[in-house]
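The sequence and structure come first.

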Protein chains: 2
Amino acid sequence: MSQTGVCYPKGFLANGIHCGIRKNKSKKDLCLIYSENICAAASVYTQNKVKGAPIAITKENLSNHLAQAIVVNSGNANTCNSNGEQIAREMAKLSANALGIQANDMIVASTGVIGQKLDITPIANHIQELADGLSVEGGIAACEAIMTTDTTIKEWHGSFVIDGKECRIGGIAKGSGMIHPNMATMLSFITSDVDISTEMLNLVIKEVADETFNMVSVDGDTSTNDMLTVMCNGQAENPQIREKGNNYAIFKEALFRVAKHLARAMAKDGEGATKLLTCQVVNAPTKQAAKHIAKSVIASSLVKSAMFGNDANWGRILCAIGYSDADYDETTIDVTFTSVAGSVDVCKQSQGVDFDEEQATQILKQEEVIIYIDMNQGKETAESWGCDLTYDYVKINGDYRT
Amino acid sequence: MSQTGVCYPKGFLANGIHCGIRKNKSKKDLCLIYSENICAAASVYTQNKVKGAPIAITKENLSNHLAQAIVVNSGNANTCNSNGEQIAREMAKLSANALGIQANDMIVASTGVIGQKLDITPIANHIQELADGLSVEGGIAACEAIMTTDTTIKEWHGSFVIDGKECRIGGIAKGSGMIHPNMATMLSFITSDVDISTEMLNLVIKEVADETFNMVSVDGDTSTNDMLTVMCNGQAENPQIREKGNNYAIFKEALFRVAKHLARAMAKDGEGATKLLTCQVVNAPTKQAAKHIAKSVIASSLVKSAMFGNDANWGRILCAIGYSDADYDETTIDVTFTSVAGSVDVCKQSQGVDFDEEQATQILKQEEVIIYIDMNQGKETAESWGCDLTYDYVKINGDYRT
């Protein structure tokens, strides 16, 4: 194993184990991510009014914009129960004790079933073992421990240069149902050894989340526990990023790359998905219109079902554009389907054009399909990601708790 | 056969035939509804920005608030094509000629696939036959001719008394996918022999649509062709309803009863549905909050999938309440599941309570399930209707055009 995901930047260690929250012993359920030194840290959270208890504790602990470690459990969302905040606080305290750090330097997150009490016992019994097992090679184990119905791990890393100093960034994420993020996503944790002020970090996380995780939809349901956290420990020893200049732009681009990769991975592994859908909107009159249109199309059950059936039913795309909350001219829209198998124009100036159905089916049969929408009325663009709606989505969600 | 649906009120005739728009000859595809005299008429339409061509023509023809007949085809939505308005105008003209009335007294509607040209030929060839076959017993044939993926006809009728005069009302509707109406529904046509001013009719149709058809969701997709039309021919000879008094309230209640029945029938016959879901919200702080919460819960893919699996996963209900666009206290919510098999409390004060899973499954297994949400913080109520999300929804929509 090598240094991947959240362990790719200097000074970050991670681990993931099965502690007993989940009945299935082959599934890890407790994750720890740790930086050797204190980090500038920022989070964005779900805008669902019903919020998971861990979010309250994390917000409290991040009021000074500093953190050193993240503890996450899967198998139980610790939400809508009577003692959630107490348990989340206890998770932070137990983890901090095991790591020898302050409890208010912990970030806490949970994912899983809503509305059941989370038993602290398995966490208390195994937290020291989890902390003792931290290593620079633990990125994958950490990633596995936050999965619920995900079928693949989601991680990414890369590097960038600030004033001659190589900086590194890496991240992990989990989906894969109840995915329709608003200002945040399900769970994603991104680490970097860049040196950045807390003010700039709080700015960049919002800018990037808005164009990446917030542009994903699996099923239109915005979760109670969405959270994206970025921690930067400064071990790259670059001159600290303190303003929105060139270095800010370099870091933003790096953060964007990681976040976009993880967002796409989440969409591709949406519950029951057989393919990744990307909706590209170009030449829209405003940025907001472009984003609302892209999000509306990717979230449409009818578009998603048609994509599952490899059916070039573009009328449903015009329909979804039509009910999006956006201002635009509805008479100038072109639609094209693209994949590795080629490209086919199906609608010009908001009207159907003759096309080869056979060819269209071949294009839609591929693992990634791009729905390309040219609004022909401005210069703004947006991109969103989602997946098809399949029998397996229904199967997974008809019987999730048992 | 007897006088049912739109033919129940005095002076209304209807008919439905197969004219050749649909390939399957066993499926009717052309519908005509006719009043012996001119009617006060009102429509509400989809708020989708991409609108079907027939809506433009109907709006034009209803600018004087009068109409005498309705022509509807199924099998093609006459939307997003190059000559839609011309064809819709031609449909009105051909029908008016066959009936011997003015073209601008016609209401035109279409439902089916979006984005294909509608050939006027089969309509032109069969419109006289359709008109000649009009009868007071044609309500069911008319209803059959507007069906697409509907598996059952949807009609209802009843009577009420205004100042000692018996008045009658009846209606038909079709669903059953792309159902998430906003200010209107898919197609519904309601007739009455009541005498009512056009001003009062335009008021009551909006009030009733908002509480009935606009509270249904099958799949979250707001169609391009939604339309509800009410026609009143005055043959009941009641004193004309000209103000919002007692008689207005009596007619509103009758219209509400018909509309609610049709809305529920539409939800129950949602594409692939195995059961009807009713979401009742009580004791909400505002009417708007009650409605937004009811609509959010009934539209959630995760709630709908859980209902298909008879899984009392109430956390998803709290989640859907949480992301609804409404102001309320999220800490005082009770949730109960009810059906003919009994009732089970699953959440009190926004927290899980112990319940018998076996009993809950039995309750959820029934053909109609009520999700009862007590907000415990005001006096406002709302009700919404939908259905479960099933394998068959995906099957139907993965391959709708072929």
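The centres of domain 1 and domain 2 of chain A, taken over C-alpha atoms, are 32 Å apart. Domain 1 covers 5-268 and domain 2 covers 276-398, with bounds that come from an automatic or database domain assignment. This is a predicted model, in which local features need pLDDT of at least 70 and side-chain atom pairs count only at pLDDT 80 or more, while totals for chains, interfaces and linings use all residues. Residues are numbered from 1 along each chain as its sequence is written, chains are lettered from A and ligands numbered from 1 in the order in which they are written, and side-chain values use heavy atoms, with hydrogens and water left out.

**Between the domains of chain A**

In chain A, 17 residues of domain 1 are in contact with 19 residues of domain 2; contact means heavy atoms within 4.5 Å. The area buried between domain 1 and domain 2 of chain A is about 1500 Å², and carbon and sulfur atoms give 56% of this area. Buried area is the accessible area (1.4 Å probe) that two parts lose on being put together, summed over both. Two residue pairs in polar contact are found across this domain interface of chain A, both at pLDDT 80 or more. A polar contact is a pair of N or O atoms within 3.5 Å; within protein, one must be able to donate a hydrogen and the other to accept it, and residues adjacent in sequence count only if both atoms are side-chain atoms. On the side of domain 1 that touches domain 2, α5 (198-211), β8 (216-217) and α6 of chain A each supply at least two residues. The most comes from α6(A), with five residues. Helices (H or I, at least four residues) and strands (E, at least two) are DSSP runs, numbered from the N terminus.

The rule also finds four salt bridges across the interface of domain 1 and domain 2 of chain A. A salt bridge is a side-chain nitrogen of Lys or Arg within 4 Å of a carboxyl oxygen of Asp or Glu.

**Salt bridges**

Over all chains, the whole structure has 24 salt bridges. Some of them are listed here.

| Pair | Closest N to O distance |
|---|---|
| A:Glu383 and A:Lys260 | 3.6 Å |
| B:Asp150 and B:Lys154 | 2.7 Å |

B:Asp150 is buried, at 7% relative accessible area, and B:Lys154 is buried at 1%. Buried means under 20% relative accessible area, exposed over 50%, and partly exposed in between (1.4 Å probe, protein chains only). In chain A, a network of salt bridges links A:Asp150, A:Lys154 and A:Asp269.

**A lysine without a salt bridge**

A:Lys275 sits in the loop between α6 (246-268) and β10 (276-284) of chain A. A:Lys275 is buried yet has no salt bridge, and A:Asp388, the nearest side chain of opposite charge, is 4.9 Å away. For charge, Lys and Arg count as positive and Asp and Glu as negative; His and the chain ends are not counted. A polar atom of the A:Lys275 side chain lies 2.5 Å from the backbone oxygen of A:Leu364.

**Between chains A and B**

Here 54 residues of chain A are in contact with 53 residues of chain B. The two chains bury about 4300 Å² between them, 55% of it on carbon and sulfur atoms. Across the interface of chain A and chain B the count of salt bridges is zero.
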